Amino acid sequence: MKLKDQFRFVRQNMKKNRTRVSMTILATAMGCAFLIVLSSVGFGFQKSIVKDITERQVVTAIDVHGKQSMKQGFTPVTDKDIEAFEKMKNVKAVTRRMMLQQNTKYYLKDHQIDTQTIVADFPSEMKAGFKLSSGHLPKKPDEIVVGYDFATNLASKNAKPEELYDKRGVLKDQYRYTGELVGQKVELPVKQNENGKQIEKVFTFTITGIGVKPTKKWLEDRNAYISNDRLKEIEAFTGTPKGMLKEQNNPEPPGPKVEGVVYDEVKVYATNMEAVKNIDQQLKDKNYETYSVLNELKEVNLVFLVVKAGLIFIGTIAILIASIGIYNTMTMAVTERAPDIGIMKAIGANPKTIKRIFLLESSYIGLIGALIGTVVSYIISYTVNLALPLIIKNAFGENAPSNFTFSDIPVSLPLICIVICYVVTIISGLRPAQRATRVDVLKAMRREM
Amino acid sequence: MITVKNVSHDFEIGKKGRATIIPVLRDINFSVNRGEILTIVGRSGSGKSTLLNLISGFIRPREGGIWINEEQVSKLNEAQFADFRIKNLGFIFQSFQLIPSMTAFQNIELPLIIKGMAEKERRDKTEEMLKKVGLSEYQDHYPGELSGGQQQRVSIARALIVNPPIILADEPTGSLDSETEEDLLTFIKQLNQDLGITFLIITHDDKVARIGHRTIELSDGRITEGELV
Ligand SMILES: Nc1ncnc2c1ncn2[C@@H]1O[C@H](COP(=O)(O)OP(=O)(O)OP(=O)(O)O)[C@@H](O)[C@H]1O
Ligand SMILES: [Mg+2]
């Protein structure tokens, strides 16, 4: 029998019992929708968390904290190490930063800002992807680059401190600095305790460039970036590494003595994501302590793999329950049609063909159910993502985390569901189909079935 | 064309262990020649239907063998016999055995669908066959909307549509009045003469038995009259 004709038989048979068949399809669709929606929560959370992690940090970056060895214990990353990192394969850049070890306050005319001063190696920063929105990089030691949000945080010196900020903690418009920034001079007083007295020296910088806006809304870059040469001048004044403050009555610089430059933040940038794993492994092999987002992602993804498998398993139970309905429907269909089956067998229909027709019918029910279930779950998922933040807001008076996906349905999920559903329906349709092939011709023709 | 050799058959009834064995056929030997009409007569319960069911492959003999077209069909399994039936055998039943949810047209078309014939060819053949049995007007009627005689013509059309060399009929006129019975017998004779179809007909009606070139009588599971082979 031609497949086309088998399909026609199936459709005709299904039409004869429209209500029963559609109820079974409905049950299957509900099972599938349950599986997909349930698992979509796992997918959604994973997506949100992965997005959160990758947004916080560049995925190609590897943080190198230092070296841990049996002999020397922990040692920070040195210039020699950095040179070696730069020579490694697939390394795009190695950035190294130091923080000026004081609270730094910059003055621009009658405005001021409290911020952190970062000592950066500009060529490597540029290679790693540091970009300017205007101006150029410092060429001379007394030149400085400021972060994108430096200007918006420059507050008027004349206002009362409690009046400066609005309820959200944002500097009020009327106290902001509105003028041009590039080319302006800013002053940084550097302090030190000397013989029980506090002394101060003012360093003047010219702003040559402004960094680009951070890619994330909630990130703010108000830092000031100075060059290593300028740091040397500051160190010459303070007499301590990185401008560290001495204790009031102790002329010795605080902290343990270290040789050479100690960087606070060293990052190795790989040329692409695929290279990260390899570079990270090489560094670890050389006893460096490293951290990379990609490693964290690997662990997060592993946890979610287990979670998703669990959810899919629970969802499969719903489909199994629906399969009882399919079994029932198919058994009734076989019983009802036994006389017809008997006649067809008497004429010369092959039992295999009869079996195939019934299997086709049960898988038809399963597939239509799975498809309807898929469509429904996309609608549910969409609605949940839309409605849940509103519900949370109304019920608890709190904002749901922005950009959070509660339910995500990647293409693989409906495919998994359809495969599971198909297998389950075939299994549940197998026995009734087998029964159909065993219909006794003579009994059927005597209408004894 | 059909050879039945040393066939014996019995039925078991009741539960296993306490089953009673009912002997039905004892050492049956006969054959049907190509182009022949053979009729089998006998009293009710003599085993006629059982014999025909054995030849049709609906049941298998306990002993002996059956050959059709040189092939030992009693050895075929169910699937093989199904394929054999669709190619070689046409059936006419006393109670027509039409599928009630299919129209006359669809019932006649069914064997061609089973055979896997293309739709266009199938339609033409079915229409031609409907004309041949004089039911063109009734092609969209369901069996329930046809008279007994019309239903029997549909079932004959269904048997003829695959051009089988052999037609097996169990009490083909059993449900018909004498006038339609007459028509049917004429039609069978015509088919036998024009197309050379071999007929094996079971009946307890003398009128029907007389259209056979030969007649075998069955009594208590044995052949008591007719040519023994
Ligand atoms: N499936 C069966 N199980 C048990 N016994 C059966 C079965 N089929 C037939 N018999 C028995 O076999 C015997 C012969 O039955 P069969 O139907 O062949 O008779 P028949 O000659 O066709 O009679 P009729 O002219 O009334 O149709 C009967 O006694 C019947 O009871
Ligand atoms: Mg009988």
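**View 1. Polar contacts of ligand 1.** An N or O atom in the side chain of S44(B) is 2.5 Å from an oxygen atom of ligand 1. A polar contact here is a pair of N or O atoms within 3.5 Å. S49(B) places a polar side-chain atom 2.7 Å from an oxygen atom of ligand 1, and T50(B) places one 2.5 Å from an oxygen atom of ligand 1. Taken alone, ligand 1 exposes 630 Å², of which the protein buries 64% (Shrake-Rupley method, 1.4 Å probe).

This is a predicted model, in which local features need pLDDT of at least 70 and side-chain atom pairs count only at pLDDT 80 or more, while totals for chains, interfaces and linings use all residues. Residues are numbered from 1 along each chain as its sequence is written, chains are lettered from A and ligands numbered from 1 in the order in which they are written, and side-chain values use heavy atoms, with hydrogens and water left out.

**View 2. The shell around ligand 1.** The residues surrounding ligand 1 include F11(B), I13(B), V24(B), R43(B), K48(B) and E171(B) (a heavy atom within 4 Å). The shell divides into 3 nonpolar, 6 polar and 3 charged residues, with Gly counted as polar. Helix 1 of chain B gives the largest share, 3 residues; helices are DSSP runs of H or I with at least four residues, and strands are runs of E with at least two.

**View 3. The domains of chain A.** Domain 1 of chain A covers 3-55 + 300-448, and domain 2 covers 61-271; these bounds come from an automatic or database domain assignment. The centres of the two domains, taken over C-alpha atoms, are separated by 60 Å.

Technical notes
A polar contact is a pair of N or O atoms within 3.5 Å; within protein, one must be able to donate a hydrogen and the other to accept it, and residues adjacent in sequence count only if both atoms are side-chain atoms.
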